[in-house]
Amino acid sequence: MDDSVDPDGRVGQNGDFTFPQRVQTTTRLYRDGTLVADRGSAIDKTFADAGKASYELSRTYTSAGIFPMGGESTSKWTFTAGGTGDAATPVKLLNVALDAPLNDLNQVRAGLPLLVKADVTGAVDGLREVRAWVTADNGVTWKQVLVLGDDGEYRFLAPRTALKSGGFLGVRVAAEDRSGNTVDTALPRAIPVG
């Protein structure tokens, strides 16, 4: 879903069939610990740069009225970038894509374990570590789970205790590549449980 930003650059109004949606996003970019950009929409991955620096990019997303649960996610990336002249080389950030088998109502079944696939792309020189957590209480508490796989394709099992009828399975994945770049993405209400 692309951002649709209002004149203040903070809140977008999006439509899902006939239901109006209210979307709030925040995006902040820090360079060597100093805030250099703060926008409600996406920041271009190419930015002015006078030399090599450490960056942290954080992004939050909340919405109301999308199906019964709304949506929420937080992501944070850390990376090093640098260049000469007026612009840095475009940064290829680590990215996490999740997939899980759902029923016709886009739900998972309560009381059964669920195998979740996590594809991690954008690694420089391969991945060093991938970790995952699940939550059944909208992100109040997280339980770390075992992650298996390699070469960007990983799987983890959400235990049956995390799949409570009428609730949501939340998922968090963190990864680090061999160059020290990181991503940490959390979706506290990712999948409805029926």
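Because the model is predicted, local features need pLDDT of at least 70 and side-chain atom pairs count only at pLDDT 80 or more, while totals for chains, interfaces and linings use all residues; side-chain values use heavy atoms, with hydrogens and water left out.

Strand 7 (residues 114-121) and strand 11 (residues 153-158) run antiparallel and are joined by 6 bridges. Strands here are DSSP runs of E with at least two residues, numbered from the N terminus, and two of them pair if DSSP finds at least two bridges between them. Strands of a sheet pair through backbone hydrogen bonds, either parallel or antiparallel.

Side chains of opposite charge can pair when their charged atoms come close. A salt bridge is taken as a side-chain nitrogen of Lys or Arg within 4 Å of a carboxyl oxygen of Asp or Glu, and by this rule the count comes to 5. One of them links Arg 28 to Asp 38, with the closest N and O atoms 3.6 Å apart. Arg 28 lies in strand 2 (residues 19-31) and Asp 38 in strand 3 (residues 34-39), so this pair ties together parts that are 10 residues apart in sequence. Arg 28 is partly exposed at 29% relative accessibility, and Asp 38 is likewise partly exposed at 31% (buried means under 20% relative accessible area, exposed over 50%, and partly exposed in between, with a 1.4 Å probe and protein chains only).

Another salt bridge joins Glu 176 and Arg 128, whose closest N and O atoms are 2.9 Å apart. Because Glu 176 lies in strand 12 (residues 168-177) and Arg 128 in strand 8 (residues 127-135), the pair ties together parts 48 residues apart in sequence. Glu 176 is partly exposed at 21%, as is Arg 128 at 48%. Arg 131 also forms a salt bridge, with Glu 129, at 3.8 Å between the closest N and O atoms. Here Arg 131 is partly exposed at 31% and Glu 129 is partly exposed at 37%.

Notes. Residues are numbered from 1 along each chain as its sequence is written. Helices (H or I, at least four residues) and strands (E, at least two) are DSSP runs, numbered from the N terminus.
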